[in-house]
Amino acid sequence: MTGVKETMPAGTMAAAPQVLLAHHLKQLKLPTVLREYDKVARECARDGVDHPRYLLRLVELELIDRERRMVERRIRAARFPAVKSFDTFDFTAIPSLNKMLVLELARCGYILRRENIIALGNSGTGKTHVALALGLAACQKGFSVAFTTAASLVSQLLEARDEKRLLRLQRELQAVKLLIVDELGYVPLSPTGAELLFKVFSQRYERGSTIVTSNLPFEDWTSVLGSERLTGALLDRLTHHVSILAMNGDSYRLRQSAGRRRATAAAEQNQATIDEADPETGEIIA
Ligand code: ADP
Ligand code: MG
């Protein structure tokens, strides 16, 4: 206890228990207990709750908070470009997508089975949204997640190779429970880039889950990866245990802006009508 005495202000004989308690709770990493113990103590005294139940309440609060903090940490570590969930996804906008399958996938059983997901479809049909929502669900269920685009992954791999830290990056990519590779197909890859990407998929094969989204049907993947041999080998691994999400349809973005244009046109039409109306009677003049 000498250490405690030394840090106490001169003239103080003993530290207030609150000071020591705060110190110990910090050391034990129980921030919620520290924040709540006084308030909960007063509530328990008021309600006649006994000591074990008081302690139980505090410990439960700490556990709930800790779980929330871990989910937040996983979300930050995943580097999602945006946090999106199925709550904001309109399944009726994309009838080709099997809603039951997607909701089943959101329960994350496929991650335990180390299976993959491929979402295929034209631009703007919600592939990235679905991938983000599946990623978020995985974070909430306690899995580590990493989100990247194919182009960015390849440039990270090339950079790591030039800086002689490729092995480390490959190990990191292998360790994550769910790797999401968005937008395979928008940019053709160099032969080395394609090889490095292939290596990532093959190192994760049956070790972890991968989600890939692409605007290209499988038969066109060779145009991105360059070589037929490599594409075949990659698809072989990726599709061995896979759920395919068919996401061809109208672009949600286009549809929304078309909707907005219609709304604007209608508003303009109304405005024109108002402009043409007699200000006194509201009757149309023209
Ligand atoms: P893709 O990746 O297929 O090109 P995105 O997922 O980026 O498409 O979707 C484009 C935009 O439209 C995003 O802002 C997304 O959140 C939204 N969006 C797409 N489909 C839906 C949907 N069915 N319900 C709600 N929002 C959607
Ligand atoms: Mg996208």
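**Pockets and the ligand**

Let's start with the lining of the largest pocket: it splits into eight nonpolar, eight polar and seven charged residues. Keep in mind that this is a predicted model. The volume of the largest pocket comes out at about 480 Å³. There are 23 residues lining that pocket, and G124, G126, T128, H129 and R253 are the closest to its centre. As for who supplies the lining, α7, β3 (178–184) and α13 each put in at least two residues, and α7 gives the most, with four.

So what takes up that space? Ligand 1 does: the space it takes is the largest pocket. Two elements give two or more residues to the shell around ligand 1, namely α7 (127–140) and α13 (252–276). Out of 15 residues around the ligand, the nearest are K84, G124, K127, T128 and H129.

Now the polar contacts. The side chain of K127 has an N or O atom 2.7 Å from an oxygen of ligand 1, and the T128 side chain also has one at 2.7 Å from a ligand oxygen. For H129, a polar side-chain atom sits 2.6 Å from an oxygen of ligand 1. On its own, ligand 1 would expose 550 Å², and the protein buries 86% of that.

Notes:
Residues numbered from 1 in each chain as written. Chains lettered and ligands numbered in written order. Predicted model: local features only at pLDDT ≥ 70, side-chain atom pairs only at ≥ 80, totals over all residues. Heavy atoms only, no water. Near = heavy atom within 4 Å. Polar contact = N/O pair within 3.5 Å; in protein donor to acceptor, adjacent residues only side chain to side chain. Areas by Shrake-Rupley, 256 points an atom, 1.4 Å probe, with all protein chains shown as cover. 1 Å grid on protein atoms, 1.4 Å probe; cavity = no way out; pocket = protein on both sides within 12 Å on 5 of 7 lines; lining within 4 Å. Sits in = over half its atoms within 2 Å of the grid points. Points joined across faces, edges and corners; volume = space filled by probe spheres on them. Nonpolar A, V, L, I, M, F, W, Y, C, P; charged D, E, K, R; others polar.
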